[in-house]
Amino acid sequence: MIPESYFLFVSALLFGLGVAGIIINRKNLITVLMSIELILLSVNTNFITFSYFLHNTVGQVFVFFILTVAAAEAAIGLAILVILFRERGNIEVDQLNTLRG
Amino acid sequence: MDNLLSITIAVMLLPLAGAIVAGLFGKLIGRTATHSVTIALMGIVFLLSIYLCNQIILKGHPAIDATLYHWVASGPFQWDVAILLDRLSAVMLLVVSFVSLVVHIYSVAYMHDDPGYERFFSYVSLFTFAMITLVLANNFLLLFFGWEGVGLVSYLLIGFWFQKDAATAGGLKAFIANRVGDVGFILAMAVILMVFHSFHYSDVFAAVPAMSNQTMLFGGHVCSVITLICILLLIGAMGKSAQLPLHVWLPESMEGPTPISALIHAATMVTAGIYMIARMSPLFEYSEVALSLILVIGATTCLLMGLVAVVQHDIKRVIAYSTLSQLGYMMVALGASAYDAAIFHLITHAFFKALLFLSAGSVIIALHHEQDMRRMGGLARSMPITYLTFAIGALALAAIPPFSGFYSKDMIIEAVHLSTTSGAHYAYLCVLAGAFLTPLYIFRAFFLIFHGKKKIHGPIYENGWTTLIPLIALAIPSVMIGGVLIYPMLFSTPHLLGDSIFVLPAHQWLLSASASYHGALSMAMTAKASTPFWLALIAIAISWIVNVQHASIGDHLKSVFHRTYAVLVAGFGFDRFNECVWVRGARALGAFFYQVADLKMIDGFFVNGSGRLIRFISNTGRLLQTGFIYHYALVMVIALLFFVGRFLLGF
């Protein structure tokens, strides 16, 4: 029997990777989208872990919702990305500083 | 009672009505109507004053002390507009209304061509209103109202010809010098309110004997309450009555029209300080220190200003310095506790000084506003009546018997001689010297104007009757009033001023003089035994020799004593001192505050500084706004870590 903490450890690792991917990545906006997906997956992992160990199926139901939202979000994100590429000609994160004050 | 009260109120308010009519509707009703209305009102006021004087003094009606309405009621304090008509204020009322009436009439001719004719009459009536309020007040607050009122009108009238720089500057100088005195007066009122809890004369005076030993802290020093109040009041009187060192404004005030110099700056307003101290005699009697101070200040003013008057060239300035010197005499009399003598001299001085000013004004009109005596001379034949009236004024001022000034001045000198208040010896010497100087300068002016060679070409004509009638009206009391009033003022029991004046038994110096008094006539006859009389004669003789017989002696003396002469011409440097210390000091202080406090501290540090601070914070803050999403994400993560850490570790 794999103990509960192993799952949580993997989940935390995934989350950390996702966050690090957002922060460290300087090049490609697609990587950022992927990192967000990674964070969502880590959350899913957490849900499933607790659902399994606490014998409560609500967590697993929730995972389906999150997957759906994640898919929708990815679709929107990619659509924005395509428009961005058409507008600016590249999708480099370093160039996206229109918010600069 | 009711009847007298309403007459008193009428006396107070009629000049105000005149001022309002002349001031607001003057242009509407025209010149003739303006002066008719104001002169008619002043005539009524004068007649009513005679009636009041008759009732109060001759018929012995008790003093009227009545409240007209409550001005302010604040906590335990109640301040009223209330009047006190007693012997002292009745006498003052008569003098003020008479001189004011005469000046009103005189101004018709003097101001004839002036564009500000209506304004002038409005001011003069307003002045009369303020002066009568001052005289009739029965509490310190109303006294202060009148006090400031006359100060204001004095300012307006000195600067009457406001296109002239000298006139506006003179007005400003008078206003500022008077404010210095007013600080003393306001502080005195504050102390009175603190100690006596009332502004009413009667309350205060009744409580004085019990307070005479009380002390209080003032500026870190323990001092007697009464002395403190008296000295502060004295500072107020020094400002208004132009005593050293606050006298500098009076010569400057001669920039105003001559009738004003006669009314305000000789006969009435400048005597307000004298009147005030006489009115406060129950206070001053209990303060030896204040009395000595009054003696010394009065005597010094009397002597120094008499000296300065000898070297002046402007006819009006000679008379102005003479006024200062005579006010010094009155102060000396007050200091010697001879309040009656001071008021006596005030009355005689009001008449003969107004006479001198108006005569000088008559000369000035005839010479088309020429005031320099060096360019006059030999006017006696062309202007006989002015010549005569000026001579009467000069003789009265020079204290030649039997003219009015002789009696009052002689009594002051006598009182100082007998007084043992400390400083009296010094004062005695000063007033004796003054008795020599007074004839010297006034007869110098007299001889320079009316005798010697005629220096102005072309015919000079005597003025019309509107000018001459006031001169004659003033000349009569200038001759007679001294002899008439000396017995009732000083020697009868009770005195003319009766219980308005309070003198401690130990201070009644003139009591011993009354034993040797055998009537005004015999006093005039025995004048040859008195020192001041001979001093006066010698002075007149000297000024005849120097100014008429041998004019070269004057120039010779001038070159021998050129240094003394320069000091005298500079008026002992009071103006220079004020200019250097106060004016430049105030400017330097102002510049310092402007440069450091205003520009650097308020503008630089607070106003611009807060703007700069915000800009600095914003500029630093905007470095955080890189626009890179990953920076924002990092900040979020760091914050998250911080709060999670805080939650877990509990710090």
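Helices are DSSP runs of H or I with at least four residues, strands are runs of E with at least two, and both are numbered from the N terminus. On this basis, B:Pro245 lies in the loop between α7 (225–240) and α8 (249–252) of chain B. A cis peptide bond joins B:Leu244 to B:Pro245, with omega at about -5°. The model is predicted: local features need pLDDT of at least 70, side-chain atom pairs count only at pLDDT 80 or more, and totals for chains, interfaces and linings use all residues. Residues are numbered from 1 along each chain as its sequence is written, while chains are lettered from A and ligands numbered from 1 in the order in which they are written.

Chain B contains 25 helices and four strands. Its C-alpha trace spans about 120 × 65 × 55 Å along the principal axes. A residue is buried if 20 or more other C-beta atoms lie within 10 Å of its own, exposed if 12 or fewer do, and partly exposed in between, with C-beta atoms placed from the backbone. Of the 651 residues of chain B, 51% count as buried. Two residues are in contact if their C-beta atoms, placed from the backbone, lie within 7 Å. Among contacts in chain B with a separation of 6 or more, 80% come from residues 24 or more positions apart.

Two loop histidines have positive phi. A:His55 has phi of about 55° although it is not a glycine. A:His55 sits in the loop between α2 (29–54) and α3 (58–88) of chain A. A:His55 is exposed, with 7 other C-beta atoms within 10 Å. For B:His197, phi is near 60°, again a positive value in a residue other than glycine. B:His197 belongs to the loop between α5 (165–196) and α6 (201–211) of chain B. B:His197 is exposed too, with 12 other C-beta atoms within 10 Å.

Helix packing was examined in chain B. Axes are lines fitted to C-alpha atoms, for helices over the stretch in contact, and angles run from 0 to 180 degrees between N-to-C directions. Helix α12 (residues 288–310) of chain B packs against helix α13 (residues 315–335) of chain B at about 160°, with the axes 7 Å apart. The two helices, α12(B) and α13(B), are therefore roughly antiparallel, a label for angles over 145 degrees. Ala, Val, Leu, Ile, Met, Phe, Trp, Tyr, Cys and Pro count as nonpolar, Asp, Glu, Lys and Arg as charged, and the others, Gly among them, as polar. The contact of α12(B) with α13(B) has 17 nonpolar, eight polar and no charged residues.

Helix α16 (residues 404–418) of chain B and helix α18 (residues 465–491) of chain B cross at roughly 40°, and their axes come within 6 Å. Residues in this contact include B:Phe406 and B:Met411 of α16(B), and B:Val479 and B:Ile486 of α18(B). The contact of α16(B) with α18(B) divides into nine nonpolar, six polar and no charged residues.

A nonpolar core is a set of buried Ala, Val, Leu, Ile, Met, Phe, Trp, Tyr and Cys residues joined through C-beta atoms within 7 Å. The largest has 220 residues, and B:Val332, B:Ala333 and B:Ile412 are among those with the most contacts inside it. Helix α14 (residues 339–366) of chain B gives the most to this core, with 18 residues. Beyond its neighbours within four places in sequence, B:Ala333 is in contact with residues including B:Ala342, B:His345 and B:Ile412.

Notes:
Parallel < 35°, antiparallel > 145°, perpendicular 65-115°, else oblique.
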